[in-house]
Amino acid sequence: MIKNSAVEMAKALSSNEISSVELTQAHLDQISKVDTDVHAFLHVDSEGALAQARDVDARRKAGEKLAPLAGVPLALKDVLVQKGIPTTCGSKMLEGWRPPYDSTVVSRLKDNGIIILGKTNMDEFAMGSSTENSAYGPTHNPWDLARIPGGSGGGSSAALAAFEAPLAIGTDTGGSIRQPAAVTGTVGVKPTYGGVSRYGLVAFSSSLDQAGPCARTVLDAAYLHEAIGGYDRMDSTSINAPIPPVVEAAKNGNVKGMTIGVIKELQGDGYQPGVLKLFNQSLELLASLGAEIVEVSCKYFDYALAAYYLIAPSECSSNLARFDAMRYGIRVGEGSAEEVMSATRQQGFGREVKRRIILGTYALSSGYYDAYYGSAQKVRTLISRDFEAAFAKADVLVSPTAPTTAFKIGEKANDPIAMYLNDIATIPTNLAGIGGMSIPSGLAEEDGLPAGFQIMAPAMKDDRMYQVGSALEAALLSKWGKPILDNAPSLGAR
Amino acid sequence: MALTYDDVIAKYEPVLGLEVHVELGTESKMFCGCNTVFGAEPNTQTCPICLGLPGSLPVVNAKAIEYTIAIGLALNCSIAPYSRFARKNYFYPDMPKNFQTSQYDEPICINGYLDVTVDTEGGPREFRIEIERVHMEEDTGKSLHMGGSTGRIHGADYSLLDYNRAGIPLVEIVTKVVTGTGKYAPEVARAYVSELRDILRGLGVSDVKMEQGSLRCDANVSLRLIGADKLGTRSETKNVNSLRSVERAVRGEMIRHAELLNKGERVIQETRHFHEDTGLTTPGRSKEQAEDYRYFPEPDLVPVAPSAELIEKIRATLPEKPSVRRKKLQEAWQVPDKEMAAMINADVLDLVEATVKLGADPTRARGWWLGEIARIANERGIGAAEMPITPADVAEVVSLITSGELTDKLARQVIEGVINGEGRPAEIIEKRGIKVVSDDSALMAAIEKAIAAQPDVAEKVRNGHVPAAGALIGAVMKETKGQADAAKVRELLLKHLGQA
């Protein structure tokens with residue numbers, strides 16, 4: 001059962017083939033079995049999850065009409081607060097903190113009867129592309145435990161690939177949902193900015209952060225998207241409009257008559273040949289399904305990475321200022337408030353977080369603001385215009401999700417630039433605030449590891465990603481004859 | 001050999017800049033739903049948002065925006081069709097996020113003015129104070145530094161933090177550089193804050209209580225040699241918590257600057273703390289190395305873009321200006337200029353108006369508020385409005401005087417009783433047994449007694465020496481324990497002695 005899709009699990013629940021308690025327990029058992037190797041979870045809330053499952057079972061028994069995913073378990077990225085449950089953001093800084101409130105995503109999950117198994121590992125404060133920056137040790141890719149599961153949401157993607165949960169929540173500031181999905185053979189969606197409330201999402205970069213669904217199928221992701229999405233008055237940047245019809249689109253995967261734009265700038269040098277080959281095969285499949293493939297150029301994308309590494313650190317330097325030992329989290333040293341703040345921040349933050357805080361502090365400094373933060377904002381506008389022009393020619397845009405398959409743990413740990421380049425294809429959508437999805441495109445011939453196919457849609461047209469994604473997913477599945485994760489080694493045999 | 005004020009203004013021209021912070025009287029905070037009532041138990045009016053807990057997000061209080069627009073319109077400002085919040089980044093324990101969400105380079109109201117009148121040797125003179133901007137921001141929490149001698153963070157043993165105030169909506173009203181006031185700079189500063197306070201009170205956007213900190217003034221003062229173009233170095237005096245202090249702080253700083261300049265020393269650009277007791281300032285934070293606040297647009301909030309309809313709607317509800325209102329009241333009450341100025345100075349205009357509205361005679365109402373009540377308030381070191389007596393009490397007393405049921409002397413006892421917390425006027429009259437003796441026969445008995453006691457005086461009066469009657473009237477008043485109407489006594493006495 002744990003290898004099924006969430007939709008299949010939901011069906012089994014509603015036909016009383018299995019109870020939510022049984023389903024939840026099966027996943028908790030799988031976590032016990034494999035998570036010593038994978039380390040996807042930072043905190044497993046067995047009791048809370050089972051209590052929630054019992055409640056859903058009782059309500060089902062009482063004949064209550066339940067939400068589509070009621071009773072299905074989920075793994076929550078440790079950057080979203082859940083009342084009473086430790087939330088660390090992968091940082092020592094917040095060790096021991098139990099938030100007194102639920103994020104909007106969590107309250108919506110609870111309202112939908114979705115069972116929260118626990119909190120998943122991540123790069124500290126979502127800064128990283130490998131989950132190696134977690135203060136609690138890295139997560140291992142279920143495809144090869146010596147490799148990274150992507151980041152920052154490596155815990156969520158690894159949990160899906162290791163069948164520890166059929167659904168997960170991620171957050172995506174520059175690719176943290178999509179790149180982990182790509183390197184673990186799973187599905188990840190970054191909705192349009194403002195499509196899912198950020199209330200209770202511990203901010204890394206407020207203007208870029210976006211929570212979204214992670215799953216093993218496009219339809220599962222669509223149901224989860226519908227459960228967590230929509231307007232929230234607690235988030236001023238949340239869009240006050242109906243959620244795009246994502247479930248309907250995922251059910252009716254069809255690309256006939258659609259124009260699909262291939263972004264010229266997101267391929268070529270730096271991309272692994274096997275990854276590009278899979279990308280091109282997917283394009284051929286889409287063409288065979290009746291889509292028209294065109295090439296588009298987004299020339300300002302060359303500046304996207306540079307702009308991102310000014311905007312995100314600038315915002316993070318301010319967002320992370322509140323971690324000062326005065327009200328919550330760890331406290332280091334004694335003496336004056338200033339000394340305690342300084343010692344705590346020195347010890348509580350990891351290297352990458354400090355690097356970005358320093359970078360951002362510098363970029364916002366008077367005299368440098370215009371040259372750095374100001375210019376980066378201009379680039380952001382130009383990238384949005386590039387997208388607008390491209391969407392005038394195509395219904396969706398596509399690219400490989402990440403330039404390579406999963407690399408080895410430790411391989412890029414001391415080379416921040418090489419690490420940053422992993423997000424080259426995912427960052428432009430965050431800068432423009434539009435949606436992006438990654439689905440598996442197959443296993444690269446060089447290393448037999450999964451690669452991702454990225455689909456981007458205009459703002460609030462998220463349904464188009466699901467429409468194209470589910471069509472391609474179905475075509476690839478029939479080509480392969482079995483789900484991609486069936487190729488992954490089985491874990492926990494010891 | 002301290003300089004006198006006259007020495008200062010003989011040589012230097014003062015230049016002012018005034019920044020007034022006003023706590024808006026909205027029911028909830030700037031970015032969350034927490035209550036804003038003053039004086040609650042520490043840290044009881046807080047939530048994840050105003051505590052800046054990880055993950056929380058601000059949402060702008062629409063009422064605060066409407067209030068700010070109203071302030072801008074009342075100060076003749078343009079209202080920006082598009083304005084933004086920014087983050088002002090600095091570390092301080094009473095600031096939960098270690099940045100203050102504040103408007104910066106895109107304030108909501110710009111370029112206004114306020115005309116104020118100051119009494120000068122040549123009569124009342126109007127000064128126009130130009131307003132640079134009116135912007136919104138959130139207040140910080142409060143730090144209480146325990147131990148140490150200064151009550152400041154340096155030298156304290158530990159500090160207590162109260163976040164009830166964190167996130168209360170603040171409006172900052174900043175003037176342009178104020179020049180041309182000459183020797184009247186202290187009075188102009190005071191008149192500006194006073195006029196501003198009246199406007200804000202009239203708008204109903206704040207309770208404008210300087211002593212509770214809901215209206216705070218920072219006074220920037222600099223001097224330059226008369227005739228010079230270049231501005232001198234300024235100091236910024238904080239903690240100025242009353243109108244009187246505004247005037248004293250400006251005057252004190254002018255003298256301090258002049259003393260430094262005369263000695264050939266330079267004025268240091270810094271914040272100064274004003275001390276109510278001494279009227280002097282002491283140095284605070286130096287601003288020589290300007291702190292870098294790393295302002296940038298607040299990404300968690302969308303721009304404030306009030307529609308033209310909203311602005312016009314607010315404009316239509318603006319009350320009349322205090323200056324217009326004062327003029328109307330002065331005419332209606334027929335008050336001389338000097339008395340009017342006295343009422344404004346004692347801050348009793350609203351109280352008198354409320355008393356008159358309840359039916360009291362304006363002259364009598366003014367007399368009580370400006371006389372007995374103001375006198376006791378002054379003794380207690382509080383404003384008349386803070387006294388435990390209401391316009392209704394005064395109106396009741398005035399009406400009893402008018403109807404002859406109380407004499408002025410008895411009324412004073414009643415007023416004192418109310419102020420001492422003995423109850424409302426009727427209760428006090430009842431309890432103390434205060435009443436005017438108006439029964440003619442009772443008075444006549446007292447008159448007879450007085451004549452019998454002082455026959456020689458009575459004889460003088462009979463012989464036409466009327467002024468001598470005072471002694472007899474006094475005796476009657478004493479006999480009736482002051483409860484008789486002296487005029488009535490006089491009338492009866494003179495008639496009895498054949499002089500009327």
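Colleague: How far apart do the C-alpha centres of domain 2 of chain B and domain 3 of chain B lie?

Modeller: This is a predicted model, in which local features need pLDDT of at least 70 and side-chain atom pairs count only at pLDDT 80 or more, while totals for chains, interfaces and linings use all residues. Residues are numbered from 1 along each chain as its sequence is written, and chains are lettered from A and ligands numbered from 1 in the order in which they are written. Chain B is assigned domain 1 (5-314), domain 2 (320-432) and domain 3 (440-496), with bounds from an automatic or database domain assignment. Between the C-alpha centres of domain 2 and domain 3 of chain B, the separation is 32 Å.

Colleague: How many residues of domain 2 of chain B are in contact with domain 3 of chain B?

Modeller: Two residues are in contact if their C-beta atoms, placed from the backbone, lie within 7 Å. On that basis, domain 3 of chain B contributes four residues, and the number from domain 2 of chain B is four.

Colleague: How are the axes of α10(B) and α11(B) oriented, roughly parallel or roughly antiparallel?

Modeller: Helices are DSSP runs of H or I with at least four residues, numbered from the N terminus. The axes, lines fitted to C-alpha atoms over the stretch in contact, have angles that run from 0 to 180 degrees between N-to-C directions. Those of α10 (residues 391-402) and α11 (residues 408-419) of chain B come within 10 Å and cross at roughly 160°. Because angles over 145 degrees count as roughly antiparallel and those under 35 as roughly parallel, α10(B) and α11(B) are roughly antiparallel.

Colleague: Which residues of α11(B) make the contact with α10(B)?

Modeller: From α10(B) come Asp393(B), Val397(B) and Ile401(B). The partners from α11(B) are Asp408(B), Ala411(B), Val414(B), Ile415(B) and Val418(B).

Colleague: Is Thr233(B) buried or exposed, or in between?

Modeller: Thr233(B) sits in the loop between β10 (215-225) and β11 (235-240) of chain B, where strands are DSSP runs of E with at least two residues. A residue is buried with 20 or more other C-beta atoms within 10 Å of its own, and exposed with 12 or fewer. Because Thr233(B) has 16 such neighbours, it is classed as partly exposed.

Colleague: Which element of chain A gives the most to the side that touches chain B?

Modeller: The contact between the chains takes 32 residues from chain A and 26 residues from chain B. Elements giving two or more residues to the chain A side are α10 (304-319), α11 (337-348) and α12 (351-364). With three residues, the one that gives the most is α10(A).

Conventions
Angles under 35 degrees count as roughly parallel, over 145 as roughly antiparallel, 65 to 115 as roughly perpendicular and the rest as oblique.
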